[in-house]
Amino acid sequence: MSNITLSIPDDILDDARIIAAEQRTSVNALVRDYLAGLSKQKKLAKKAMAELRSLSEKTDSRLGPDYRFDRDSLYER
């Protein structure tokens, strides 16, 4: 595990210490969990985009930037 040094304004660090104490954890753990959450969120978004791209390649729909919905075709049966 790597160590980093952060510059944090005193008032924000004071608030973070209070929050950490209320949650019975450390400021270090709060930062680590926050960064882990960012990483996980980015990976999930990347996976979702890949799945969406895959689905869009499998469809026979002809949607594109110039596609316009035609009201009559929406109600065709």
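The dialogue below goes through several features of a predicted model.

User: What should I know about the model before reading it?

Analyst: This is a predicted model, in which local features need pLDDT of at least 70 and side-chain atom pairs count only at pLDDT 80 or more, while totals for chains, interfaces and linings use all residues. Residues are numbered from 1 along each chain as its sequence is written, and side-chain values use heavy atoms, with hydrogens and water left out.

User: How is a pocket found, and what volume does the largest pocket have?

Analyst: Rolling a probe the size of a water molecule over the atoms shows where empty space is left. On a 1 Å grid over the protein atoms alone, a pocket is an open set of points where a 1.4 Å probe fits, with protein on both sides within 12 Å along at least five of seven lines. Points are joined across faces, edges and corners, and the volume is the space filled by probe spheres set on them. Here the largest pocket has a volume of about 290 Å³.

User: Which residues line the largest pocket?

Analyst: Lining residues have an atom within 4 Å of a point. They are Met 1, Ser 2, Asn 3, Ile 4, Leu 6, Val 27, Asn 28, Val 31, Arg 32 and Leu 35. By class, six are nonpolar, three polar and one charged (Ala, Val, Leu, Ile, Met, Phe, Trp, Tyr, Cys and Pro count as nonpolar; Asp, Glu, Lys and Arg as charged; the others, Gly among them, as polar).

User: Which side chains meet in a salt bridge?

Analyst: Side chains of opposite charge can pair when their charged atoms come close. The rule asks for a side-chain nitrogen of Lys or Arg within 4 Å of a carboxyl oxygen of Asp or Glu. The count comes to one salt bridge, between Asp 14 and Arg 17, at 3.9 Å from N to O. Because they are three residues apart in helix 1 (residues 10–22), about one helical turn separates them (helices are DSSP runs of H or I, at least four residues, numbered from the N terminus). Asp 14 is partly exposed, at 39% relative accessibility (buried is under 20%, exposed over 50%, partly exposed in between, with a 1.4 Å probe and protein chains only).

User: Which residues form the nonpolar patch on the surface?

Analyst: A nonpolar patch joins side chains of Val, Leu, Ile, Met, Phe, Trp or Tyr within 5 Å, from residues with over 30% relative accessible area and no salt bridge. Ile 4, Leu 6, Ile 8 and Ile 12 form this one, with about 370 Å² of accessible area together (Shrake-Rupley method, 1.4 Å probe). Leu 6 is in the segment before helix 1 and is partly exposed at 47%. Ile 8 is also in the segment before helix 1, with 33% relative accessibility.

User: What is the phi of Arg 24, and where is the residue found?

Analyst: Most residues other than glycine have a negative phi. Phi of Arg 24 is near 55°, a positive value. Arg 24 is found in the loop between helix 1 and helix 2 (27–58) and is exposed, with a relative accessible area of 80%.

Conventions
Helix = DSSP H or I, 4+ residues; strand = E, 2+ residues; numbered from the N terminus. Patch = residues over 30% accessible without salt bridge, like charges linked within 9 Å, V, L, I, M, F, W, Y side chains within 5 Å.
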